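Student: I am new to this structure. Please show it to me, and then let us talk it through.

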Amino acid sequence: MSSRQYLLLSHLKIHNANAMSSTFTVGVPAMTAWLGGVHALERTICHIPEYARVTFHQLAVSFHHTELQVYHKPFESNHYISGTGNPLVKKGAGFVKASFIEEPRIHLDVSLLIEMSKTDVNQTEQLSEDIRHCLQKLKFAGGDIEQVLKVQVVYAEEHSVESAKRILKQLMPGYVLIERRDLLQQEMENGADGLDGLLHYLEIKEEPVKNEGGEILNWKYTKAVSGWLVPVAVGFHGISPSGKAVKNQRDPSVPHCFTESVVTLGEFRLPVRFDDIDEIMWNYHYDEGSQYYLCENRIHEEEKENGQNE
């Protein structure tokens with residue numbers, strides 16, 4: 001029976017990651033940030049001749065602990081971003097804070113499970129050590145990597161639930177983020193706007209529980225569906241043609257395109273609730289015709305068919 005190879009980064013602690021996942025959502029970093037970090041790690045490790053052919057295919061993120069940098073005043077429910085104004089600007093004989101745009105930050109403790117290929121089995125121990133050294137040079141989601149508890153290469157046999165469970169247990173205790181685009185699609189098929197559909201599943205309704213005399217005994221909280229649903233930024237949608245005629249663009253040699261964030265529904269679940277590792281994996285998908293650049297948590301039907309035909 002064939003096996004699949006994974007790189008497991010256990011308890012990666014990240015300081016001051018970017019918490020603004022899109023233009024209107026604040027929380028854990030966008031999936032583009034995680035896949036972008038893995039892509040940077042792949043490019044870094046491939047500079048070592050022994051690993052020139054190593055390829056990272058898809059990624060799962062297990063969140064163990066998150067600490068969003070916000071504060072709230074006593075007796076208030078609103079939270080405010082804990083911002084900084086560095087560096088200070090000299091003004092006269094002293095220094096003042098520079099004007100700045102608020103940048104929400106978050107401290108993270110996560111584990112990353114990365115599917116990879118083209119790695120020599122005899123190199124796995126050395127690869128783990130080299131990966132650890134490469135992580136010291138990188139940032140993930142704009143945050144500094146403080147430490148990683150363990151780096152190891154693990155294997156899962158194809159179509160083996162027991163083998164998959166053994167790896168998924170190593171992502172505990174934590175919650176993996178999966179995509180729930182299916183719920184939004186149901187709402188939009190019924191004529192709802194995308195944002196209205198998103199808010200429909202995120203809102204929590206509060207209803208009083210009364211006795212026969214009309215006295216309020218308790219409060220009842222209800223949601224549209226059960227589960228820990230959250231908005232998640234999964235990519236970008238092009239809103240202008242791709243080209244090189246934009247003034248002052250960062251790299252004139254690369255085609256430029258204006259985009260907007262794509263936000264959909266996600267759900268946090270315990271890793272041990274899954275039987276297949278692919279169910280928690282995220283990978284890239286690009287639709288050139290519609291100008292969608294997305295991170296998706298599902299295997300396309302056409303990819304399944306191609307895999308069966310090969």
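**Pocket, loop and helices**

Tutor: The largest pocket has a volume of about 590 Å³. This is a predicted model: local features need pLDDT of at least 70, side-chain atom pairs count only at pLDDT 80 or more, and totals for chains, interfaces and linings use all residues. Residues are numbered from 1 along each chain as its sequence is written, and side-chain values use heavy atoms, without hydrogens and water.

Student: Which element gives the largest share of the lining of the largest pocket?

Tutor: The lining has 24 residues, and among the closest to the pocket centre are V262, V263 and T264. Elements giving two or more residues include α4 (181-189), α5 (194-202) and β13. The largest share, 5 residues, comes from β14.

Student: Is S242 buried or exposed?

Tutor: S242 sits in the loop between β13 (228-238) and β14 (259-269). Leaving out residues up to four places away in sequence, S242 touches P255, H256, C257 and Q291 (contact means heavy atoms within 4.5 Å). Buried means under 20% relative accessible area, exposed over 50%, partly exposed in between (1.4 Å probe, protein chains only). S242 has 51% relative accessibility, so it counts as exposed.

Student: At what angle do α1 and α2 pack?

Tutor: Two packed helices are described by the angle between their axes and the distance between the axes. On the α1 (residues 31-45) side, L41, T44 and I45 make the contact. The axes of α1 and α2 (residues 124-135) lie 10 Å apart, and the angle is about 115°.

Conventions:
Axes are lines fitted to C-alpha atoms, for helices over the stretch in contact, and angles run from 0 to 180 degrees between N-to-C directions. Helices (H or I, at least four residues) and strands (E, at least two) are DSSP runs, numbered from the N terminus. On a 1 Å grid over the protein atoms alone, a cavity is a set of points where a 1.4 Å probe fits but cannot get out, and a pocket is an open set with protein on both sides within 12 Å along at least five of seven lines; lining residues have an atom within 4 Å of a point. Grid points are joined across faces, edges and corners, and a volume is the space filled by probe spheres set on the points.
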